[in-house]
Amino acid sequence: MDKPVLPRIYLSPPHMSGEELEFVKHAFASNWIAPLGPQVDAFEAEMAEYVGVSHAAALASGTAGIHLALRLLDV
(Lines give C-alpha, C1' and ligand atoms only; values in the text may rest on other atoms or scores of the structure.)
Protein backbone atom coordinates (compact mmCIF):
# COMPACT_ATOMS: atom_id res chain seq x y z
CA MET A 1 0.00 0.00 0.00
CA ASP A 2 1.37 3.39 -1.02
CA LYS A 3 1.83 6.14 1.53
CA PRO A 4 -0.38 9.18 0.99
CA VAL A 5 1.39 12.14 -0.55
CA LEU A 6 1.51 14.96 1.95
CA PRO A 7 1.63 18.57 0.82
CA ARG A 8 5.08 20.13 0.98
CA ILE A 9 5.84 22.73 3.59
CA TYR A 10 8.17 25.24 2.00
CA LEU A 11 10.61 27.11 4.19
CA SER A 12 10.99 30.81 3.64
CA PRO A 13 14.13 31.68 1.67
CA PRO A 14 16.47 34.17 3.32
CA HIS A 15 15.81 37.77 2.40
CA MET A 16 18.83 40.06 2.49
CA SER A 17 18.30 43.61 1.38
CA GLY A 18 18.48 47.08 2.78
CA GLU A 19 19.31 47.09 6.48
CA GLU A 20 19.87 43.33 6.74
CA LEU A 21 22.49 43.39 4.01
CA GLU A 22 24.29 46.26 5.76
CA PHE A 23 24.39 44.26 9.02
CA VAL A 24 25.89 41.27 7.21
CA LYS A 25 28.48 43.48 5.49
CA HIS A 26 29.37 45.08 8.83
CA ALA A 27 29.80 41.66 10.48
CA PHE A 28 32.23 40.57 7.78
CA ALA A 29 34.09 43.90 7.75
CA SER A 30 34.51 43.87 11.55
CA ASN A 31 35.48 40.15 11.55
CA TRP A 32 32.79 39.36 14.16
CA ILE A 33 31.22 36.38 12.41
CA ALA A 34 31.42 33.94 15.35
CA PRO A 35 28.42 33.78 17.67
CA LEU A 36 29.98 36.49 19.85
CA GLY A 37 30.74 40.15 19.64
CA PRO A 38 29.14 43.57 19.73
CA GLN A 39 26.18 42.74 17.46
CA VAL A 40 25.13 39.78 19.62
CA ASP A 41 25.71 41.74 22.84
CA ALA A 42 23.50 44.56 21.53
CA PHE A 43 20.78 42.10 20.45
CA GLU A 44 20.77 40.40 23.86
CA ALA A 45 20.58 43.75 25.68
CA GLU A 46 17.73 45.01 23.47
CA MET A 47 15.80 41.75 23.84
CA ALA A 48 16.21 41.77 27.64
CA GLU A 49 14.96 45.36 27.78
CA TYR A 50 12.04 44.59 25.47
CA VAL A 51 10.77 41.70 27.60
CA GLY A 52 11.61 43.40 30.91
CA VAL A 53 14.32 41.13 32.28
CA SER A 54 17.89 41.80 33.35
CA HIS A 55 19.60 39.38 30.93
CA ALA A 56 18.94 37.47 27.71
CA ALA A 57 20.98 34.89 25.82
CA ALA A 58 21.06 34.55 22.04
CA LEU A 59 21.38 30.93 20.96
CA ALA A 60 22.15 29.28 17.64
CA SER A 61 18.83 27.49 17.25
CA GLY A 62 15.44 26.76 18.71
CA THR A 63 16.75 23.32 19.64
CA ALA A 64 19.51 24.95 21.70
CA GLY A 65 16.84 27.07 23.42
CA ILE A 66 14.75 24.02 24.30
CA HIS A 67 17.86 22.22 25.55
CA LEU A 68 18.83 25.16 27.77
CA ALA A 69 15.29 25.52 29.13
CA LEU A 70 15.15 21.82 30.02
CA ARG A 71 18.55 22.02 31.75
CA LEU A 72 17.41 25.05 33.75
CA LEU A 73 14.31 23.11 34.80
CA ASP A 74 16.43 20.08 35.79
CA VAL A 75 14.60 17.88 33.30
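1. A helix here is a DSSP run of H or I, at least four residues long, and helices are numbered from the N terminus. With that in hand, Glu 22 and Lys 25 both belong to helix H1, residues 18–30. They sit three residues apart, about one turn of the helix. The model is a predicted one.

2. Start with the overall plan. The chain holds three helices and zero strands. Read along the sequence, the pattern is α-α-α. H1 covers residues 18–30, H2 covers residues 38–51, and H3 covers residues 62–72.

3. How does the radius of gyration of the chain stand beside that of a compact globule of 75 residues? The chain has 18 Å, whereas such a globule would have a value near 11 Å. Along its principal axes, the C-alpha trace spans about 55 × 40 × 20 Å.

4. Next, burial. Buried residues make up 5% of the 75 residues in the chain. Buried means under 20% relative accessible area. The chain exposes about 7,300 Å². Carbon and sulfur atoms supply 64% of that area.

5. Charge comes next. There are 4 positive and 9 negative side chains in the chain. The centres of the two sets lie 17 Å apart.

6. How many salt bridges does a search of the whole structure find? The search finds one. It joins the side chains of Glu 22 and Lys 25, at 3.7 Å from N to O. An α-helix has 3.6 residues a turn, so residues three or four places apart point the same way. Glu 22 and Lys 25 are three residues apart in H1.

7. Are the two partners buried or partly exposed? Glu 22 has a relative accessible area of 46%, so it counts as partly exposed. Lys 25 has 47%, so it is partly exposed as well.

8. H1 can be checked for length. At 1.5 Å a residue, its 13 residues should span 18 Å. Its end C-alpha atoms are 19 Å apart, which agrees. The expected span uses one less than the number of residues.

9. Gly 18 is found in H1. Its relative accessible area is 49%, so Gly 18 is partly exposed. Gly 18 and Lys 3 are 15 residues apart in sequence. Their C-alpha atoms are 44 Å apart in space.

10. Look just past H1. Asn 31 follows the helix with a positive phi, near 65 degrees. Asn 31 is a residue other than glycine. Most residues other than glycine have a negative phi. Asn 31 lies in the loop between H1 and H2. With a relative accessible area of 62%, Asn 31 is exposed, because exposed means over 50%.

11. Just after H2, Gly 52 takes a positive phi of about 80 degrees.

12. On to H3. Leu 68 is found in this helix. At 35% relative accessibility, Leu 68 counts as partly exposed. Leu 68 and Leu 6 are 62 residues apart along the chain. Their C-alpha atoms are separated by 33 Å.

13. Asp 74 is found in the segment after H3. Its relative accessible area is 72%, so Asp 74 is exposed.

14. To recap: the chain has three helices and zero strands. Its radius of gyration is 18 Å. Buried residues make up 5% of the chain. One salt bridge is found, and Glu 22 and Lys 25 form it.

Notes: Residues are numbered from 1 along each chain as its sequence is written. This is a predicted model: local features need pLDDT of at least 70, side-chain atom pairs count only at pLDDT 80 or more; totals for chains, interfaces and linings use all residues. Side-chain values use heavy atoms; hydrogens and water are left out. Helices (H or I, at least four residues) and strands (E, at least two) are DSSP runs, numbered from the N terminus. The radius of gyration is taken over C-alpha atoms; the globule rule is 2.2 Å times the number of residues to the power 0.38. Buried means under 20% relative accessible area, exposed over 50%, partly exposed in between (1.4 Å probe, protein chains only). Accessible areas come from the Shrake-Rupley method with a 1.4 Å probe; for residues, only the protein chains shown count as cover. Lys and Arg count as positive and Asp and Glu as negative; His and the chain ends are not counted. The place of a charge is taken as NZ of Lys, CZ of Arg, CG of Asp or CD of Glu. A salt bridge is a side-chain nitrogen of Lys or Arg within 4 Å of a carboxyl oxygen of Asp or Glu.
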